[in-house]
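Please walk through the structure below, starting with its helices and ending with its charged side-chain pairs.

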Amino acid sequence: MFSAEYKQELDKITNKYEQKRAALLPLLHKVQDKDGLITPEAEKDLADYLELPVVQIHEVVSFYHLYHQEKLGKCHFAICQTSACALRGAEDIIGYIEKKLNIKAGEKTSDGKFSLETVECLGACELAPMLQHNNDAYIGFLDKKKIDEIISKQK
């Protein structure tokens, strides 16, 4: 269960909305920022806090790729694999990263530095192929050189 102090922080977010449940997405970000992931326990605590069935929380967590049920690597690659990116070489980029880091999509390196996932559209088809780096930076027109630069900065 959330501490009283943490509930006050959550209240600051929910007070911005007419209905408490409307704050679900920012609350999930808050929990994930604190813990690095969204655990089943956190889903239950949020469900209790928002007075919603836990399945509604889990549906949102499992639908959006921005919410994680496992810890990510310190450097996380989310590669778009939908049509525009696929047509412009996303599979080759995914394969290159997998080979370079010796992991498959959905995995992280044994040292926890890197993780890779494939996602549905990131909404920047004009930059295809593209990725989202660490849930914030969008990097487009990917090629092996750009991937090497990102990886070398993390080592």
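The paragraphs that follow take up helix packing, a surface patch and salt bridges.

This is a predicted model, in which local features need pLDDT of at least 70 and side-chain atom pairs count only at pLDDT 80 or more, while totals for chains, interfaces and linings use all residues. Residues are numbered from 1 along each chain as its sequence is written, and side-chain values use heavy atoms, with hydrogens and water left out.

Helices are DSSP runs (H or I, at least four residues), numbered from the N terminus. Helix α4 covers residues 54-63, and its buried residues are I57, V60 and V61. Here buried means under 20% relative accessible area, exposed means over 50%, and partly exposed lies in between (1.4 Å probe, protein chains only). Seen down the axis of α4, the buried residues fall within an arc of 100 degrees, so they line one face of the helix. The arc is taken from the directions from the helix axis to the C-beta atoms. These buried residues of α4 pack against α2 (24-35) and α3 (40-50), where contact means heavy atoms within 4.5 Å.

In α3, the buried residues are A42, E43, D45, L46, A47, Y49 and L50. The buried residues of α3 pack against α1 (4-14), α2 and α4. Just after α3, E51 has a positive phi of about 55 degrees.

Helix α4 also contains F63, which counts as exposed at 62% relative accessibility. Together with L25 and Y64, F63 makes a nonpolar surface patch of about 320 Å². Such a patch is made of residues with over 30% relative accessible area and no salt bridge, with nonpolar side chains (Val, Leu, Ile, Met, Phe, Trp, Tyr) joined within 5 Å and like charges within 9 Å. Accessible areas come from the Shrake-Rupley method with a 1.4 Å probe, and for residues only the protein chains shown count as cover.

How many salt bridges does the structure hold? There are four, a salt bridge being a side-chain nitrogen of Lys or Arg within 4 Å of a carboxyl oxygen of Asp or Glu. One of them joins K30 and E9, at 2.7 Å from N to O. K30 lies in helix α2 and E9 in helix α1, so the pair ties together parts that are 21 residues apart in sequence.

Another salt bridge, between D48 and K44, has its closest N and O atoms 2.9 Å apart. D48 and K44 are four residues apart in helix α3, separated by about one helical turn.

K100 and D148 also meet in a salt bridge, at 3.3 Å from N to O. This pair links distant parts of the chain, with K100 in helix α6 (residues 90-101) and D148 in helix α7 (residues 144-154), 48 residues apart.

Notes: Helix = DSSP H or I, 4+ residues; strand = E, 2+ residues; numbered from the N terminus.
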